[in-house]
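Please look over the structure below before reading the points.

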Amino acid sequence: MPALDYSRLAAIYDDYCDFDRDLDFFRSLLVRRGGQVLELMAGTGRISVPLLEAEIELTCLDSSAAMLRVLQRKLGQRHLRAALVCADLSTMRLRARFDTVILPFQGFCELVTKEEQRKAMGAVAGVLDGCGRFVCTTHNPAIRRRTLDGNWHAMGEFPRQAGGVVRLALKGKLEPTRRIVEGHQRLEVTDKSGGKSEILMPLRFSLVSASELSALAEAAGLELVSLCGDYDGSGYDETRSPVIIATFQRSG
Ligand SMILES: C[S@@+](CC[C@H](N)C(=O)[O-])C[C@H]1O[C@@H](n2cnc3c(N)ncnc32)[C@H](O)[C@@H]1O
């Protein structure tokens, strides 16, 4: 079951999520590889839309119908087509097989329990074509844990498309033995006429090391092909890299 209820965020997600450092990485990789691509946790299509504009054949999966409705609207406005699937990735049952499966935006951390993580790896292995690859991203625990001190951290102030502003703050604390982070995220939303509202939501995610990720993949019959530490393609350094970008393929 997803750790967060994204239906509460769908209407404002695009206003405050301005991350785009991963786009060139995924676009050039997928243009090079060609074939059918499954994007997991696609959300409102932050990268799905530019990938479709680059003529990549995409199936977009997400467990939030509200997030997918925003994506569907954006596709309609741009005359783009993709298969949209509303499902939990840990239990997804798809008939199609894919040349590449991607899990962008450090999405693996949203799978909180070990059981969910194991099931997710198994489900991905089940939808990969024979020579298919799974590009899986998550936070580097050594770096991400630095701001998990139980205090509020301002994450930014974002102008809204329709006018006004969203201020995002996060507060999280790491439970070290289970490597689960719990806390809250607060969004202060000001509309164009100055009206204010606040969304306070629980925050829950996991921190998984590169070796734990590989072990989970191995148990699902996948082996590590490459490990990057950032979206510029640089190698993974456990002490410095902001993210883990692990690419897997079927073993043997
Ligand atoms: C932070 S958003 C990222 C959306 C998009 N990938 C992006 O880069 O903007 C995380 C998304 O993952 C989805 N999600 C979380 N857990 C999921 C699960 N177990 N199965 C499928 N989708 C899930 C949420 O509904 C949400 O849309």
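The largest nonpolar core has 30 residues, and Leu40, Met92 and Phe134 have the most contacts inside it. A nonpolar core is a set of buried Ala, Val, Leu, Ile, Met, Phe, Trp, Tyr and Cys residues joined through side-chain atoms within 4.5 Å; buried means under 20% relative accessible area (1.4 Å probe, protein chains only). The model is predicted: local features need pLDDT of at least 70, side-chain atom pairs count only at pLDDT 80 or more, and totals for chains, interfaces and linings use all residues. Residues are numbered from 1 along each chain as its sequence is written, and side-chain values use heavy atoms, with hydrogens and water left out.

- Phenylalanine 134 is in contact (heavy atoms within 4.5 Å) with residues including Leu40, Val101, Met121 and Phe248, leaving aside neighbours within four places in sequence.
- A second, separate core of 26 residues includes Tyr13, Leu187, Val189 and Leu203.

**Domains**
- The second largest pocket lies between domain 1 (6-139 + 208-250) and domain 2 (143-206), because both give residues to its lining; the domain bounds come from an automatic or database domain assignment.

**Aspartate 22**
- Aspartate 22 is buried, with a relative accessible area of 0%.
- This residue lies in the loop between helix H1 (10-16) and helix H2 (23-33); helices (H or I, at least four residues) are DSSP runs, numbered from the N terminus.
- Beyond neighbours within four places in sequence, aspartate 22 is in contact with Arg46, Ile47, Pro104, Phe105 and Tyr231.

Conventions
Helix = DSSP H or I, 4+ residues; strand = E, 2+ residues; numbered from the N terminus. Buried < 20%, exposed > 50% of the residue type's maximum accessible area, 1.4 Å probe, protein only.
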